[in-house]
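Me: I have just opened this one and would like to go through it slowly. Could you take my questions in turn?

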Amino acid sequence: MKKMNMRKKEAIHGLLFVSPWIIGFLVFTLYPICSSLYYSLCDYQVIKEPVFIGLGNYKALFQDKTFLKALSNTVYMVIFGVPITTFIAVAVSIILNNKKLKYTGPFRVSFFIPTLVPTVVACLLWIWVMQPETGIVNRLLGYIGIQGPGWLSSMFWSKPALIIMMVWTCGNAIIIYLAGLQDIPDSLYESAALDGAGFFRQTMSVTIPLLRSTILYNVVTLIIAVFQWFAEPYIMTSGGPDNQTMFYSLYLYQNAFSYFKMGYASAMAWILLLIALAIILVLFKVFRFGESDY
């Protein structure tokens, strides 16, 4: 009996200690999630009472050309932006991890510094860098005889311009890759070298397989960040030109806080959750496939 009473007291004390977190979770996380699910089934315009309409918002979304454009733009960034950024981040990390190279420390710092720049400042900087006439990028292209495009105002080049900015801010991923690379034993590279494997073969047969979990983590976090992309297109292009940079989160924000279509925006949020979950589950299966081979 005494042991039972002691356990009850310990349980009560434990609950009391974690109660601030529990209350915060219930009020600021669980309640908003449940509310958004309910509002996604309603015609809710904030200033009026929500009216239940079932799956009406979900049906309307897939008839909305702007929504489909925002979804396709976001998928474009996932298909092209994420692999390009991942490839460059991994390549730079492998080069910086080479112990034969000197003065890699300053280069590591230079790649990490852009992540410390506030998002608004970075966006204003890249607006200036991408200017058609006075921007640094087009001036450098002009030196080699190439007429640079109007990056952010171009129907074709606006999304590639944002991918370039995404690559510029991949310093966090590089640091994580470097940490993963330093966990790979040098003896594996020595064994591969004794077998006649060169740098490329060592990278493909030793580095990449053993870096698999680190790559998965960075790819998943980058995809989530792309689906949440808001500040960059909002500040730099406002979704233009002609919705070429209208990304999912930006259109969700417009529906919720510009058009006050909160039910519509809630439906978008739940579709985003399902799409992101499906992509991440596929990634987990792809990265786990063939693990036993290594």
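This is a predicted model: local features need pLDDT of at least 70, side-chain atom pairs count only at pLDDT 80 or more; totals for chains, interfaces and linings use all residues.

Me: How much space lies in the largest pocket?

Reply: The largest pocket holds about 630 Å³ of space. A pocket here is an open set of points on a 1 Å grid over the protein atoms alone where a 1.4 Å probe fits, with protein on both sides within 12 Å along at least five of seven lines, and lining residues have an atom within 4 Å of a point. The volume is the space filled by probe spheres set on the points, which are joined across faces, edges and corners.

Me: Which residues lie nearest its centre, and which helix gives the largest share of the lining?

Reply: The lining has 26 residues, and Thr 169, Cys 170, Asn 172, Leu 222 and Ala 225 lie nearest the centre of the largest pocket. Helix α11 gives the largest share, seven residues, where helices are DSSP runs (H or I, at least four residues) numbered from the N terminus.

Me: And the second largest pocket, what is its volume?

Reply: Its volume is about 510 Å³. The second largest pocket is lined by 16 residues, and Asn 97, Asn 98, Lys 99, Tyr 189 and Gln 202 are the closest to its centre, while α8, α9 and α10 each supply at least two residues of that lining.

Me: Changing topic, is Ser 266 buried or exposed?

Reply: Ser 266, which has its place in helix α14 (residues 262-288), is buried because its relative accessible area is 8%, and buried means under 20% with a 1.4 Å probe and protein chains only.

Me: What does Ser 266 touch?

Reply: Not counting residues up to four places away in sequence, Ser 266 touches Ser 36, Tyr 39 and Ser 40, where contact means heavy atoms within 4.5 Å. The side chain of Ser 266 also reaches the backbone oxygen of Met 262 at 2.8 Å.

Me: Where is Ser 36, then?

Reply: Ser 36 is in helix α1 (residues 2-39), and it counts as buried at 19% relative accessibility. Leaving aside neighbours within four places in sequence, Ser 36 is in contact with Ser 266 and Trp 270.

Technical notes:
Residues are numbered from 1 along each chain as its sequence is written. Side-chain values use heavy atoms; hydrogens and water are left out. Buried means under 20% relative accessible area, exposed over 50%, partly exposed in between (1.4 Å probe, protein chains only). A polar contact is a pair of N or O atoms within 3.5 Å; within protein, one must be able to donate a hydrogen and the other to accept it, and residues adjacent in sequence count only if both atoms are side-chain atoms.
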